[in-house]
Amino acid sequence: MKQTDPLLHLDAVPLFLRDMPKAELHVHIEGTIEGEKVIELADRNGVELPYKSAADVRALQSKSLKNPHNNLANFLRCLDISRSVLKRGEDFYDIAMAFFRRCHAQNVVYLEVMFDPQQAIRGGVSFCEHFEALLQAGRDAEADYGLRVQWIMTMQRDHPVEDALQTLKNADPWRQHIAGVGLDNFETPGFPRMFLPFYAAARERGYRLSSHCDVNQPDSLTHIHDCITLLGVERIDHGLNTALDATLLELVKERRIALTGCPTFMQSQGSPAADRLNMIKTLLEAGVRISINTDDPAQFASGYLCHTLAQAQIHAGFSDAQMLRLMENAFCSTWLPEPDKRDYLAALEAHNRKFVTENASRHIDGAENRDP
């Protein structure tokens with residue numbers, strides 16, 4: 001569908017954001033499939049869709065949206081339709097490379113990308129075929145674009161923990177290529193306690209640990225608390241409701257838990273939900289390690305990282321200094337060795353110094369050229 005928002009064009013994104021070296025920590029590879037690719041893969045694999053054209057992909061999601069801010073269930077139903085076209089390893093390679101090309105164009109230099117092996121297996125793609133295709137795409141992205149990619153294996157918390165444990169075992173031959181594990185999909189009430197065995201097994205294998213705690217879901221605050229205290233996660237994906245509880249906010253700060261916020265919005269909304277932006281701002285000002293990410297960029301009108309950052313800055317009124325701090329938080333939250341983090345942070349600071357120097361120079365030049 002044709003997008004009318006000028007921020008979907010890179011030349012309309014502020015230079016400070018566009019040229020900034022960027023990291024993204026919360027993005028699902030299955031949520032990066034653009035509408036044209038959905039139709040192409042459906043034709044290639046003989047999958048029938050409720051879409052007649054690529055223009056219908058986002059339109060169906062927005063049309064059936066009941067709560068325009070936080071309808072997780074509707075979003076996931078629509079996402080399932082799109083990811084149903086992924087039937088072989090080649091499909092996963094193609095969508096990953098298309099995404100990495102977009103990231104390179106937006107000066108994203110580092111990614112931690114989530115992949116869903118349970119969904120792939122149910123679609124008829126073995127773990128081996130699925131993940132080997134993604135691994136190759138990551139290698140090619142580094143060779144072609146200098147883009148560094150790490151992979152996060154997510155399990156679906158609305159499916160039995162036994163399925164997650166079996167998938168974890170299936171992944172053992174590829175352990176060295178998977179940075180961490182997490183949970184996503186429908187937010188089943190009380191899910192942290194249900195998945196204690198999975199996290200124990202993942203911890204034994206040396207995985208880094210995260211979990212989704214989606215925004216404004218039932219028992220959201222309890223889920224965030226239990227993911228930290230019972231599961232021992234070091235990162236909460238979303239987790240924005242932390243801003244609503246002073247005690248929980250202090251726990252997040254004390255444990256140095258990273259939060260990967262996503263101020264996404266649907267095509268019918270036109271701008272990020274104010275409650276998400278307010279919570280992100282509250283968390284940032286409180287000193288929480290909060291970053292901004294895209295989640296499922298092809299499914300949302302908020303688009304890819306440059307666009308998401310630009311929309312957040314405009315609608316929340318973030319200063320350039322605050323945008324810089326959000327990106328510093330992202331690099332600090334990565335699952336990288338400390339020396340690598342320092343290198344990325346140095347590049348980010350160099351970008352900031354260059355921008356400040358050039359702005360000062362333009363200001364001086366402008367003053368000198370004005371009539372006395």
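The structure is a predicted model. The chain contains 16 helices and eight strands, and buried residues make up 55% of its 372 residues. Its largest nonpolar core has 103 residues.

**Overall organisation**

- Among the contacts in the chain with a separation of 6 or more, 78% are accounted for by residues 24 or more positions apart.
- The accessible surface of the chain is about 15,300 Å², and carbon and sulfur atoms contribute 51% of that area.

**Nonpolar core**

- In soluble globular proteins, nonpolar side chains tend to be buried together.
- Within the largest nonpolar core, the residues with the most contacts are F100, L111 and M153.
- When neighbours within four places in sequence are set aside, M153 is in contact with F115, P117, F127, L168, A171, I178, G180, V181, G182 and Y207.

**Helix α5**

- Helix α5 covers residues 89-105, a run of 17 residues. From its first C-alpha to its last it reaches 25 Å, close to the 24 Å expected at 1.5 Å a residue.
- The buried positions of α5 are G89, D91, F92, D94, I95, A96, M97, F99, F100 and C103.
- An α-helix has 3.6 residues a turn, so residues three or four places apart point the same way.
- The strands against which the buried residues of α5 pack are β1 (22-28), β2 (108-115) and β3 (148-156). The helices that these residues pack against are α2 (35-45), α6 (117-122) and α7 (127-145).

**Aromatic pairs and cluster**

- The count of aromatic pairs comes to 14.
- One of these pairs joins F99 and F100 in a tilted arrangement, with 5.8 Å from centre to centre and 45 degrees between the planes. Both F99 and F100 are buried.
- F198 and Y199 form an edge-to-face pair, at 5.4 Å centre to centre and with 90 degrees between the planes.
- F198 has a relative accessible area of 0% and is therefore buried; Y199, with a relative accessible area of 1%, is buried.
- One aromatic cluster is formed by F99, F100, F115, F127, F131, W151, W174 and Y304. F115 and F127 of this cluster are also in contact with M153.

**Charges over rings**

- The charged end of R175 sits over the ring of Y207, 3.9 Å from the ring centre. Y207 is also one of the contacts of M153.
- R157 lies over the face of F191, and the distance to the ring centre is 4.9 Å.

- In α11, which spans residues 220-229, the buried residues are S220, H223, I224, D226, C227 and I228.
- The buried residues of α11 pack against helices α9 (191-194) and α12 (246-254) and against strands β5 (208-213) and β6 (235-238).
- D219 is found in the loop between β5 and α11. Although D219 is not a glycine, its phi is positive, at about 65 degrees.
- With a relative accessible area of 46%, D219 counts as partly exposed.
- H238 lies in strand β6 and has a positive phi of about 80 degrees, although it is not a glycine.
- H238 counts as buried because its relative accessibility is 2%, under the 20% limit.

Methods
Residues numbered from 1 in each chain as written. Predicted model: local features only at pLDDT ≥ 70, side-chain atom pairs only at ≥ 80, totals over all residues. Heavy atoms only, no water. Phe/Tyr/Trp six-rings, centres within 6.5 Å; stacked < 30°, edge-to-face > 60°. Buried < 20%, exposed > 50% of the residue type's maximum accessible area, 1.4 Å probe, protein only. Lys NZ or Arg CZ within 6 Å of the ring centre and 35° of its normal. Helix = DSSP H or I, 4+ residues; strand = E, 2+ residues; numbered from the N terminus. Expected span 1.5 Å × (residues − 1). Contact = heavy atoms within 4.5 Å. Core = buried A, V, L, I, M, F, W, Y, C linked by side-chain atoms within 4.5 Å. Areas by Shrake-Rupley, 256 points an atom, 1.4 Å probe, with all protein chains shown as cover.
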